[in-house]
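Before reading on, please look over the chains as they are shown.

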Amino acid sequence: MAKTTKNAGRVIVITSGKGGVGKTTTTANIGTGLARMGYKVALVDTDIGLRNLDLLMGLENRIVYNIVDVVEGRCKVLQAMVKDKRMPNLSLLPAAQTRDKSALSEEQMSTLCEQLKQEFDFVIVDSPAGIEQGFQNAIAGANEAVVVCTPEMSAVRDADRIIGLLEAREEITNYKLVLNRVRPNMIKTNDMMDVDDVLEILSVKLLGLIPEDKDIIISTNKGEPIVTSDDSLAGQGYRNIARRVAGEDVPFMNLDAPTSFVDKIKGFFNRSAS
Amino acid sequence: MSSDIRDRDLEQSSGHENVLLIRLDRASNSAQALTMLTDAIQTLTFNPEKIQQVNLNVGELMLTQNVLSKMQHILKEAGLQIETIYASLPQTQQAALDSGFFVREKPPAQPFVLNTKPPSFDDLDSIANILDPLKKSDPLWGDKQPLAPPALNIEQVEEVLNISAHQAQTSSDKKNTFYLKQSLRSGKTIQYDGHVTIIGDVHTGSEVTASGDILVWGELRGIAHAGANIDGAKGDYRSEIRAWKIEALQLRIADYIARRPDKMFHHRDVVTEGLVLPEVAKVSDGEIKIYKETIGR
């Protein structure tokens with residue numbers, strides 16, 4: 001499958017600072033979402049030693065070469081790319097599990113991204129947690145960034161630090177926030193930070209909201225990104241994000257909207273009562 | 001008959017430039033097989049300095065040790081030695097084993113070349129196609145396809161486990177064995193020029209590479225590569241991988257590679273006389289297959 005445009009592709013790093021907020025899930029879903037729209041997409045896992053992106057994509061049993069084999073010259077980059085089993089225009093460059101972050105340098109990563117963006121419309125780089133070598137490698141070749149954050153103080157503080165580091169890099173021209181694991185019910189009862197609070201603290205533009213969804217756990221275990229599931233709210237959120245990344249103007253989801261029939265009835269009575 | 005033999009019954013085994021494959025599987029009895037072999041040797045022109053070994057394909061013939069030693073004699077006079085005998089009949093297999101030959105059921109279905117560089121794929125599609133499932137031919141485990149092994153890194157072992165992997169090996173039959181009494185967790189690798197025995201589990205995310213056989217006294221869930229090409233030494237597709245339970249992400253034997261099916265149906269424990277049988281993976285008919293171990297039964 002050929003690239004859809006002749007221009008060089010976009011290299012987008014997905015990062016967060018804090019671990020466990022959903023970087024890898026976001027990478028898998030944005031990548032899969034863009035591929036569903038017809039773009040040619042490469043996913044790059046830079047979490048060397050603690051790789052997970054292959055698992056989320058359900059491709060762990062197909063890995064022969066990895067990113068370290070590429071930079072150490074044991075194979076060509078396209079040889080190491082594992083093609084997705086569902087979509088031919090989506091491929092994964094897996095991290096090495098048996099090495100550590102020092103196996104890759106920023107220069108090597110930059111060169112790699114240069115190569116990949118000649119072949120792909122989108123190169124989505126999954127960053128490891130932290131701000132050390134692994135993070136520096138991940139952002140080395142990127143021109144855009146997606147910061148993933150949850151509505152918790154600790155995640156917000158780490159995201160702020162990351163945004164500071166991203167702003168300091170001239171190469172990164174654009175960065176936006178994905179707010180993950182939002183629970184509208186908790187926000188209503190003032191138990192969780194409001195979306196606007198987070199955006200205000202971080203003074204950053206919102207790329208999208210992902211509601212807390214237990215289906216994410218199921219999809220992670222099955223190795224099928226949730227963006228492919230049509231009846232899930234989180235899947236809808238990721239589809240919207242992918243469209244926004246591609247440049248479409250998509251309105252933000254209203255998470256307060258009742259979803260089930262029972263909720264709608266309840267909402268109706270609540271409205272008439274007030 | 002003679003020119004006929006040269007064309008059809010004699011061929012150089014692919015991948016083994018110094019080994020001849022002689023087909024006797026069309027003979028109907030052992031006497032005819034002996035005549036065919038004699039004719040083949042007489043009509044055969046080969047460079048005796050280059051070719052010294054012969055693989056015999058005897059098909060479904062029933063051959064005794066006596067006949068095999070006659071064959072050995074005929075070949076010896078021509079300066080040739082028998083390396084492998086391909087026989088499908090168990091009696092013949094046993095006779096050949098007793099005579100000290102390597103025995104295989106069939107010659108490899110596809111020609112393959114050991115000790116080559118990985119194929120170069122300029123096209124992104126080709127590597128993915130190689131790993132796409134082909135067919136479900138094995139009742140225990142689905143899809144296989146040969147592929148060149150990745151280049152190996154000896155230093156990793158030394159780093160992780162302080163093992164010297166550079167062991168001088170003179171004969172493939174006299175390989176050393178590396179014995180490890182601990183489970184291998186994610187991220188750990190063992191590479192060893194010889195056989196590897198692990199008393200413990202091999203977890204997902206770890207890799208075991210050996211130029212010889214691999215024996216896991218536990219569950220094998222990571223990647224195992226037996227008969228690997230280490231330090232330019234020839235890989236050996238006759239190597240085997242044994243474990244109490246094989247649920248490996250990938251199995252590699254020499255140039256062959258097999259991956260776990262995407263939907264791993266839950267593992268079967270075959271219980272025979274109250275015992276769960278261990279499993280062995282080997283190359284057969286040009287692909288890696290998993291069998292229940294039946295030694296001594």
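What follows is a set of questions and answers about this predicted model. Residues are numbered from 1 along each chain as its sequence is written, while chains are lettered from A and ligands numbered from 1 in the order in which they are written. Because the model is predicted, local features need pLDDT of at least 70 and side-chain atom pairs count only at pLDDT 80 or more, whereas totals for chains, interfaces and linings use all residues.

Q: Why is G205(B) called buried?
A: A residue is buried if 20 or more other C-beta atoms lie within 10 Å of its own, exposed if 12 or fewer, and partly exposed in between, with C-beta atoms placed from the backbone. G205(B) has 22 C-beta neighbours inside 10 Å, and therefore counts as buried. It lies in the loop between strand 9 (195-199) and strand 10 (207-210) of chain B, where strands are DSSP runs of E of at least two residues, and helices runs of H or I of at least four, numbered from the N terminus.

Q: What makes helix 2 of chain B roughly parallel to helix 3 of chain B?
A: Helix 2 (residues 30-43) and helix 3 (residues 65-77) of chain B pack at an angle of about 10°, with their axes 10 Å apart. Axes are lines fitted to C-alpha atoms, for helices over the stretch in contact, and angles run from 0 to 180 degrees between N-to-C directions. Angles under 35 degrees count as roughly parallel, over 145 as roughly antiparallel, 65 to 115 as roughly perpendicular and the rest as oblique, so helix 2 of chain B is roughly parallel to helix 3 of chain B.

Q: Which residues of helix 2 of chain B meet helix 3 of chain B?
A: Counting two residues as in contact if their C-beta atoms, placed from the backbone, lie within 7 Å, S30(B), L34(B), L37(B), T38(B) and I41(B) of helix 2 meet residues including V67(B) and M71(B) of helix 3.

Q: What makes helix 1 of chain A mostly covered?
A: Of its 14 residues, 13 are buried.

Q: How many residues does chain B have, and what share is buried?
A: Chain B has 297 residues, of which 37% are buried.
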